[in-house]
Each structure stands twice: as C-alpha cells, then as structure tokens.
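Dear colleague,

I am passing the structure below on to you, and I would be grateful if you could look through it with the notes that follow beside you.

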Amino acid sequence: MNKIVLSLLSTVALHSVTAQAADLAPVRVPPTQVGTWTGLYVGGNVGYGWGRYDASNATGTIVNSNGGSGIYGFNVESRNGNGVTAGLQAGYNWQLEQTVLGVEADWQYLNSKAGTSTSAIAVPVFIGGNFSGSTSIETSWYATFRGRVGYAFGPALVYATGGLALADTKVSSSATGSIVTALFPPTLGPLGSMSASDSSVLIGYAVGGGLEYALGAGWSIKGEYLHMGFGTKGYNLTGSLRSPAGLTGVITTHVDIKPSFDIARLGVNYRF
C-alpha cells in the first residue's frame with residue numbers, strides 16, 4: 001500500500017515539475033514584418049503650384065523699312081505665376097526593417113502664367129514712334145526624376161526626396177507702333193503690330209518631402225511638397241512689325257528669365 005501511495009506522489013510531483021518547466025519556457029515573439037512598402041507602384045496626384053519668374057536684362061533693337069536701326073529698352077518686372085497642377089507618378093520601393101529607399105518619376109501639367117503690363121518702348125524718333133509692348137511667360141508642364149529615403153512606422157511612411165527637374169517654359173512678346181517711312185521730314189506710317197515667342201525645356205533640381213499612408217490591398221494616399229529651381233535662361237524673340245499699308249520693320253527682343261516653383265499636392269498610389 002505504501003508503495004502505491006509513493007508511486008502516486010512521484011507521478012504528481014513529476015507532472016508539477018513538468019508544468020513549471022513549461023511555464024518557464026521562453027515566449028516566442030513573432031518577427032517584425034518587413035517589406036510592406038517594397039514593390040512597384042503607380043498613381044496620380046493633384047495640387048497647386050506657386051511660381052516665380054525673375055526677369056532681367058531686357059534689351060532690343062528695331063530696324064525700319066528704310067534700313068535705319070536703333071536700340072530700345074523696356075522694363076520687365078519679376079512676377080508670380082500660380083496655377084493648378086495635376087499628373088501621374090510611378091516608382092519602386094525597397095524596405096529593410098523600417099528604412100525605405102526608392103526612386104520615383106512623374107510628369108505634371110502646370111497652369112502657370114505671368115505677364116507684364118503694357119509699357120512704352122523708347123525708340124528714337126528717326127527710327128519709329130508711338131511704341132508700346134508687353135512680355136509674358138508660361139509653364140505648361142514639368143517632370144521630375146527623384147530618389148526617396150524614408151522611415152516606416154505602422155502604416156505610415158515619412159520620406160525626403162530630391163533629384164532632377166525639367167520644365168517647359170515659353171516667353172512671348174508683342175508690340176504695336178509706327179515705323180518711319182521718310183526721314184526728311186520724319187514721317188511715320190500707320191500703326192502696326194508684332195508678336196513673337198521662344199520656348200525652351202529647362203533643367204534644374206527638385207527637393208522636398210512627404211507623408212504616405214497605407215490603406216491596405218496595395219492602396220496608399222500621400223501628401224507631398226516640392227521646391228523646384230532653375231537657372232537663368234536667355235530668350236531671343238524676333239518678329240516683323242507689319243502695318244495695314246504693307247510697311248514692315250523688324251523688332252528683336254532679349255530677356256533673361258529665372259523660374260522657381262513651390263508645389264503642394266495630394267496623391268494616391270497602387271502598389272503591385
């Protein structure tokens with residue numbers, strides 16, 4: 001009988017020790033999920049752009065129908081050109097733990113226009129007279145090619161970005177006035193008009209940052225700010241001044257423009 005009791009006590013003690021050992025076993029923590037932002041993505045965005053056009057070094061010449069020529073000058077003012085922006089983006093992310101590296105390219109429509117008010121052009125009387133003119137500039141699209149580096153926490157990604165920027169800018173000039181048809185005595189022909197334009201794709205830089213938030217099923221939304229800067233570009237505009245009587249003169253205008261833009265936009269991405 002004693003042997004049976006001792007056997008039962010040993011069994012109970014063994015189960016107790018086993019249970020305690022199980023309680024002391026280390027708890028396994030599931031590994032942190034990585035790679036949630038890794039992959040190819042495409043998306044679209046819409047926003048607003050604040051443009052600045054710094055203008056300088058505005059000069060010109062006029063040649064009348066008799067071959068007389070003269071230099072004229074006019075004041076151009078630096079102006080703001082604000083407008084709506086919208087476009088598409090595509091990129092690729094690599095995530096390592098909480099660090100996210102990526103590349104992104106985008107193409108954007110931009111409705112940015114600025115112009116100077118009509119102002120008088122000083123022209124020697126023996127060349128022409130009664131002249132006035134204006135200059136305007138517009139940017140219709142821009143594109144960027146950027147790198148991204150960010151930090152992911154939960155479903156959110158905070159990132160900085162920077163790289164190359166392109167922008168298509170067009171400068172237009174117009175003038176109205178009279179040209180000399182006779183020197184002795186100086187005789188002015190009827191008023192005529194001229195218009196000319198010159199466009200160029202500028203190369204500059206883009207820097208900024210943003211916040212992107214994962215919604216699930218591959219979708220995410222983002223808010224982003226970009227600053228784009230471009231160097232000074234010289235534009236040369238040449239046009240013929242034509243009057244109703246068929247008289248002609250040639251006007252050549254040069255102006256230097258230095259654009260910059262600040263862009264704020266909201267977007268959506270789908271990650272494959």
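**Buried charges and their partners**

Glu212 is buried, its relative accessible area being 3%. Please keep in mind throughout that this is a predicted model. The partner of Glu212 is Arg148, with which it forms a salt bridge whose closest N and O atoms are 3.4 Å apart. Since Glu212 belongs to strand β10 (residues 192–216) and Arg148 to strand β7 (residues 128–153), the pair ties together parts that are 64 residues apart in sequence. Arg148 counts as buried as well, at 6% relative accessibility, because the cut-off for that class is under 20%.

A second pair involves Glu104, which lies in strand β5. Glu104 forms a salt bridge with Lys222, and here the closest N and O atoms are 3.4 Å apart. With Glu104 in strand β5 and Lys222 in strand β11 (residues 219–230), this pair ties together parts that are 118 residues apart in sequence. Glu104 counts as buried at 3% relative accessibility, and Lys222 counts as buried at 5%.

Lys222 also meets Glu224, the two side chains forming a salt bridge at 3.8 Å from N to O. Glu224 is again a buried residue, with a relative accessible area of 5%.

Which residues are linked in a network of salt bridges? The network consists of Glu104, Asp106, Arg146, Arg148, Glu212, Lys222, Glu224 and Arg265.

**The surroundings of Glu104**

The side chain of Glu104 makes a polar contact with the side chain of Tyr41 at 2.6 Å, and it makes another with the side chain of Arg146, also listed at 2.6 Å. If neighbours within four places in sequence are left aside, Glu104 is in contact with Tyr41, Gln89, Ala90, Gly91, Thr144, Phe145, Arg146, Arg148, Lys222 and Glu224. When you inspect this site, you will therefore find Glu104 among residues that count as its contacts while it is itself buried, at 3% relative accessibility.

**The β4–β5 hairpin**

Strand β5, which holds Glu104, spans residues 99–115 and pairs in the antiparallel sense with strand β4 (residues 83–96) over 12 bridges. The two strands form a hairpin with two residues between them, and Glu97 in the turn has a positive phi of about 55°. Leu96 stands opposite Thr99 in β5.

**The chain as a whole**

How many helices and strands are there in the protein chain? There are one helix and 13 strands, and the pattern read along the sequence is α-β-β-β-β-β-β-β-β-β-β-β-β-β. Of the 272 residues of the chain, 39% count as buried. Among contacts with a separation of 6 or more, residues 24 or more positions apart account for 74%. The chain exposes about 14,500 Å², of which carbon and sulfur atoms supply 64%.

With kind regards

Key
Residues are numbered from 1 along each chain as its sequence is written. This is a predicted model: local features need pLDDT of at least 70, side-chain atom pairs count only at pLDDT 80 or more; totals for chains, interfaces and linings use all residues. Side-chain values use heavy atoms; hydrogens and water are left out. Two strands pair if DSSP finds at least two bridges between them. Helices (H or I, at least four residues) and strands (E, at least two) are DSSP runs, numbered from the N terminus. Buried means under 20% relative accessible area, exposed over 50%, partly exposed in between (1.4 Å probe, protein chains only). Contact means heavy atoms within 4.5 Å. Accessible areas come from the Shrake-Rupley method with a 1.4 Å probe; for residues, only the protein chains shown count as cover. A polar contact is a pair of N or O atoms within 3.5 Å; within protein, one must be able to donate a hydrogen and the other to accept it, and residues adjacent in sequence count only if both atoms are side-chain atoms. A salt bridge is a side-chain nitrogen of Lys or Arg within 4 Å of a carboxyl oxygen of Asp or Glu.
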